Number of protein chains: 2
Amino acid sequence: MNFKRSFSVMNKNSIPKCVQEAEYAVRGAVAIRAGEIKKEIKEGKKFKFEKLVPMHSGNPQALGQPPITFGREVLSIMTHHQLGQSVDFGRYSKDAVDRAKYYYDNMDPQALGAYAGHTSGYDGVKNDVVDFIKRRDNIEINPANLFLSTGASECIEIFIRLLISEASDGIMIPIPNYPLYSASIILNGGTQVPYFLDESNNWALNIENIEKSYKAARDKGVKVKGIAVLNPGNPTGQVIKKENLKEILQFAHENKMVVLADEVYQANIYGDHKFYSMHSVMEELGDPIKSNLELVSMHSISKGFTGECGLRGGYFEFVNIDKFAQEMIYKLKSMKFCAPTPGMIAVGTMVNPPREGHNSKEAVDLYNKEKDTILSGMSRRADMLYKLLNKMEGITTNPTEGALYSFAKLHLPKKFIKEAEDMGRHPDMHFCLQLVEETGMITVPGSGFGQEEGTSHIRMTNLIYNDDLMDESMDRMHNMVKELHEKYS
Amino acid sequence: MNFKRSFSVMNKNSIPKCVQEAEYAVRGAVAIRAGEIKKEIKEGKKFKFEKLVPMHSGNPQALGQPPITFGREVLSIMTHHQLGQSVDFGRYSKDAVDRAKYYYDNMDPQALGAYAGHTSGYDGVKNDVVDFIKRRDNIEINPANLFLSTGASECIEIFIRLLISEASDGIMIPIPNYPLYSASIILNGGTQVPYFLDESNNWALNIENIEKSYKAARDKGVKVKGIAVLNPGNPTGQVIKKENLKEILQFAHENKMVVLADEVYQANIYGDHKFYSMHSVMEELGDPIKSNLELVSMHSISKGFTGECGLRGGYFEFVNIDKFAQEMIYKLKSMKFCAPTPGMIAVGTMVNPPREGHNSKEAVDLYNKEKDTILSGMSRRADMLYKLLNKMEGITTNPTEGALYSFAKLHLPKKFIKEAEDMGRHPDMHFCLQLVEETGMITVPGSGFGQEEGTSHIRMTNLIYNDDLMDESMDRMHNMVKELHEKYS
């Protein structure tokens, strides 16, 4: 029966323009092509590689990074507990058993399979976050200003929704930026107000750039209501200096903006760099900023060294948010019920890991060993990427100070650029598509993050846990780049 | 230091009206008051009850329902597996070990802590859903038309976003309806087109009502693009007859609407009623409907008898959706990465439980016993609620055919209604607030779901697992209602 369809309701003519225009490059054309290649390999088609290498997404366990034992032990016990059987706790460390009991005593209802009684999540885990911020910043936050979330993305979604009432409402975002910000602003019908990071100065944040961009937007009638600050930067990997953070806070206060502090990479700091939370810097600045400025700070279990992306967990903490606005946050969050319960527990074990004076020496030692192995590996590979990419023809990159990425500049041959443009592709998209075809390496083109007009970039993660695969992949890329330059020069 | 704030960016004047107007009653004023009561009990304040009874939300494990052993065994093994230790599988059933292996072999990447490689979720679980639909409906669906999701709520959010481009775009929703529909339509700036269910006919769906409501909306210039059908109904608990489903499909086809089939309660069917999936009825109707009509069907691990709300999992399956619209679905879903991985695994064990011919007799028997205990308990309590509520003064209710709720009509004394109105409250909100204060029973006022002007209702779940608590609670409610009528008559 070959019936021909006579109509459709949802199509290119009817789907809202804002949905059509939003772009989320991390799972865009390159990732989609990779999915097809995977199928083709299964069907027997030959490529120059046997397996794809997913370097497009900050997804550590996809590349072999193991989970932290303590966190998974606690989760295992809590998953068991509910079976109502006598569980043999012998195989778990006492530290993990104690912690699981603590969470059970401080969760409502006492069932991992129930929605949390309060939209903001379990008290036991929230207390852990309060203590974590106290240790990190010496600031005692009010647990009422804290929500456990489904990763940081949910927080971005909620706050951008609250900030944008009409098309002239704008939010400042760095360029390059993590594309969830630009996509969410477009989806909510607002205006992106880009501020450029300084590539020639290791992607530093330059307050004059920010002020210039703000004034230009204001002159065009944009009401700038918020500024997103990603520290460490994604995709750019810079760690923002304290003086810079002060400048941003002063600027945001002076111009009455909400600060969205995306601090999900706060544990991924390499070399001598140091992370300062926006909240701590605000506290240091004192009044009027301390008591006036509206700040939201996000954290996540997906990044850092826990890398528990699949469990979906995170938190956001806010400062100086009006009671009415808090009610709206509660309502929007309630429409999604609560964060996934395994993700909430994982937030607890991330911010409150085995610690000296609180846990057994064995648990502390194991945790430290696992943490150091992961972080030193990331640091080493960030350095490798920096060196190896800079050796490749037509590629330059800054050292990675933090986060999980290298964001390298591609100096592509004119002929290659012409070919890309003839195909209606950005040159860096054309490059990344060739890269996945030739080497299996899945990456994200710089055009997906925003960049200076006329430039091309590529984002790659420093997450290949297996050293041989890392070496091999970089070799393959080196050859591909060499051949590309020979072919198109 | 008593610094006084001099400004705020996010407040009642600036937050978008659509956010302010959206209402999600399930976690509204009554649940918020219950949270305060809980604190007050902790602080020593005396109430007539010792513990709150959460009957406001379809949250079975919050009221003592145990999880299904097989599902939790598989999840336990999969959480362990990654520790890289030698796991003693002895304590798990062989069936669960085999299933965990199957999911590991059919997930990409092979790590519970990674984002799923494809936005739509794990192949192994998707295959289970394909088989489930084949068994249920004798329809072979294309796995490309299937997305694993963070519960059904995510699907509602995505499709309402796709359907609403401007204020005149409308979506038909039943009244009473599950308030996530109305809230999402308001948030996206569209128009609700209500169709009333017939309370006097056990909340039946009446096609004349639907047509009348559609014409009235169209005459006002509303472009009606979709219709939400909740089967079994929430909060109304009716199971829609096959003839009715046919009428809806014909109506939707004739008037070019997308059908959003919310079928999350398909396993909660009591008495002799029978559930027919919208997809199967569409297939039965044949062309042109079968090949033209755009349909989305949702399911969830939160309801049924698994009740794994906290894990956050579900799926949606669509039919006749344009390729371009599919790309938009993929993009919106990608902005949230993937569904929580434990939730995905739980979808698999829900749709593919231990079955005769596929699993050991022990596993099948245990599963059937657990399932029957839970479902027969729900059915028994639904009947109890029906009988006990109808015995109370000024309360009438229909029998519950399916889902997890009684939605009872409150015939309240005039003086009580006057008092409520003087306080600026809907009378049923006033009733539910008094109920929680007097008995600890948390419920949802009918006004949160929409209802005929001038009527009052209350939604209560049939989920109290403990019979003594059920009896006690209903006794307390009985007394409270009696006293209320004495006081206000």
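## Helix H7 of chain A

The buried residues of H7(A) are Pro179(A), Leu180(A), Tyr181(A), Ser182(A), Ala183(A), Ser184(A), Ile185(A) and Leu187(A). A residue is buried if 20 or more other C-beta atoms lie within 10 Å of its own, exposed if 12 or fewer, and partly exposed in between, with C-beta atoms placed from the backbone. Helices (H or I, at least four residues) and strands (E, at least two) are DSSP runs, numbered from the N terminus.

The cover over these buried residues includes helix H1 (17-21), helix H6 (151-163), strand S3 (169-175), strand S4 (191-196) and strand S5 (223-230) of chain A. Gly189(A) follows H7(A) and has a positive phi, near 75 degrees.

## Model and numbering

This is a predicted model: local features need pLDDT of at least 70, side-chain atom pairs count only at pLDDT 80 or more, and totals for chains, interfaces and linings use all residues. Residues are numbered from 1 along each chain as its sequence is written, while chains are lettered from A and ligands numbered from 1 in the order in which they are written.

## Backbone features in chain A loops

Two cis peptide bonds can be listed here. One runs from Ile175(A) to Pro176(A), with omega near 0 degrees. Pro176(A) sits in the loop between S3 and H7 of chain A. Another joins Asn234(A) and Pro235(A), with omega about 10 degrees. Pro235(A) lies in the loop between S5 and helix H9 (242-254) of chain A.

Lys256(A) has a phi of about 55 degrees. It belongs to the loop between H9 and strand S6 (258-262) of chain A. Lys256(A) has 17 C-beta neighbours inside 10 Å and so counts as partly exposed. Arg312(A) has a positive phi near 55 degrees. Its loop runs between strand S7 (295-300) and strand S8 (314-319) of chain A. Arg312(A) is buried, with 31 other C-beta atoms within 10 Å.

## Helix H13 of chain A

Helix H13 (residues 341-351) of chain A has 11 of its 11 residues buried, so it is largely enclosed by the rest of the structure. Among them are Met344(A), Ile345(A), Val347(A) and Met350(A).

## Helix pair in chain B

The axes of helix H16 (residues 427-439) and helix H17 (residues 467-488) of chain B come within 10 Å and cross at roughly 125 degrees. Axes are lines fitted to C-alpha atoms, for helices over the stretch in contact, and angles run from 0 to 180 degrees between N-to-C directions. H16(B) and H17(B) are therefore oblique to each other. Angles under 35 degrees count as roughly parallel, over 145 as roughly antiparallel, 65 to 115 as roughly perpendicular and the rest as oblique.

Gln434(B), Leu435(B), Glu438(B) and Thr439(B) in H16(B) meet Ser473(B), Arg476(B), Met477(B), Met480(B) and Leu484(B) in H17(B). Two residues are in contact if their C-beta atoms, placed from the backbone, lie within 7 Å.

## Two copies and their interface

A rotation of 180 degrees with 0.0 Å of shift along its axis superposes chain B on chain A, with RMSD 0.0 Å. The two copies are thus related as by a two-fold rotation axis. Superposition is by least squares on the C-alpha atoms of residues with pLDDT of at least 70 in both.

The contact takes 84 residues from chain B and 84 residues from chain A.
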